[in-house]
Amino acid sequence: LVSREVKPEDSLVRVGNLTLGGAAIHVIAGPCSVESREQIISTAQAVKQAGATMLRGGAFKPRTSPYEFQGLKGDGLALLAEARKETGLLVTTEVKDTATLASVAEHTDILQVGARNMQNFSLLEAVGETRKPVLLKRGISATIKELLMAAEYIVARGNTQVILCERGIRTFENMTRNTLDLNAVPMLKALTHLPVFVDPSHGIGVRKAVPAMMRAAVAAGADGLIVEVHPDPPRARSDGFQSLDFSEFEKAMGEVRAIAQAM
Ligand code: PEP
Ligand code: MN
């Protein structure tokens, strides 16, 4: 169902009043985790000002260590809803499991399925039963084919509103957190009609290098970006080392716009 052979024209994903996968590049920005009212509202205002159309923020965080910050959970969802109301930005947050799907779906405009859950088939089936747009992230060691088959699980249940997201894969290289596989962008665009987003923050995992990969992703043909932005990255409770501050994000957005216009 997700193949371009079956449907040659691009699929557009409608989120609120936005159309993803069309001519315009859309940027989702915000902190890795929702930490406080002040943090999420100030970030929402700053990223909106810089040109982002959607806000990200984790409430249920799948952390590598069980001793790391796991997110504000229900309180985080409520704060996202406040930020949405305050700024008009649409919201995306990760759904970590089927148990919390209903409450997450109620509070978000896009359901994010994280890399660690790309082959959680029960979760894929459950989000496939909803009619919420889904941002499906590529698994840490998943092939392009496996990503497409994961999307197929969702679409097969009737939810056609799927956005694919390249977020870096694990390779032998360890100077960067992951290796952002920009090869995946033109490959996916050729293989499927679904919109393709790129997450340069997790893809490279090095703050100073994120803007270059934002530009590269757009130049490679991505339909949009998801970028981590924090008011004070060194103090972030998760992923501060790869989060842009407000002025870094604003500058990078100007560069991204210039590339998008030149294409
Ligand atoms: C995130 O977006 O903060 C996240 C956990 O991403 P991923 O699932 O790609 O690791
Ligand atoms: Mn993160």
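Tutor: Let's start with a contact: in helix 8, Pro211, Met214, Arg215, Val218 and Ala219 meet Glu248, Ala252, Glu255, Val256, Ile259 and Ala260 of helix 9. Residues touch here if their C-beta atoms, placed from the backbone, lie within 7 Å. By class, this contact holds eight nonpolar, no polar and three charged residues. Nonpolar means Ala, Val, Leu, Ile, Met, Phe, Trp, Tyr, Cys and Pro; charged means Asp, Glu, Lys and Arg; the others, Gly among them, are polar.

Student: Before we go on, what sort of model is this, and how are things numbered?

Tutor: It's a predicted model, where local features need pLDDT of at least 70, side-chain atom pairs count only at pLDDT 80 or more, and totals for chains, interfaces and linings use all residues. Residues are numbered from 1 along each chain as its sequence is written, while chains are lettered from A and ligands numbered from 1 in the order in which they are written.

Student: At what angle do helix 8 and helix 9 pack?

Tutor: Axes are lines fitted to C-alpha atoms, for helices over the stretch in contact, with angles from 0 to 180 degrees between N-to-C directions. Helix 8 (residues 210-219) and helix 9 (residues 246-262) pack at about 20°, their axes 9 Å apart. That's why they count as roughly parallel: the label covers angles under 35 degrees, with over 145 roughly antiparallel, 65 to 115 roughly perpendicular and the rest oblique.

Student: Is the crossing of helix 8 and helix 9 left-handed or right-handed?

Tutor: Look at the near helix: turned anticlockwise from the far one by less than a right angle is left-handed, clockwise is right-handed. This crossing is right-handed.

Student: How do helix 4 and helix 5 cross?

Tutor: The axes of helix 4 (residues 121-129) and helix 5 (residues 144-156) come within 7 Å and cross at roughly 40°, so this pair is oblique. Helix 4 passes helix 5 in a right-handed crossing. Phe121, Leu124, Glu125, Val127 and Gly128 in helix 4 meet Ala150, Tyr153, Ile154 and Ala156 in helix 5. These residues split into seven nonpolar, one polar and one charged.

Student: And the chain as a whole?

Tutor: Count the DSSP runs, numbered from the N terminus: helices are H or I of at least four residues, strands E of at least two. The chain has nine helices and ten strands. Its radius of gyration is 17 Å, close to the 18 Å from the globule rule for 263 residues, so the chain is as compact as a globular protein of that length. That radius is taken over C-alpha atoms, and the rule is 2.2 Å times the number of residues to the power 0.38. The C-alpha trace spans about 45 × 45 × 40 Å along its principal axes.

Note on methods. Contact = placed C-beta atoms within 7 Å.
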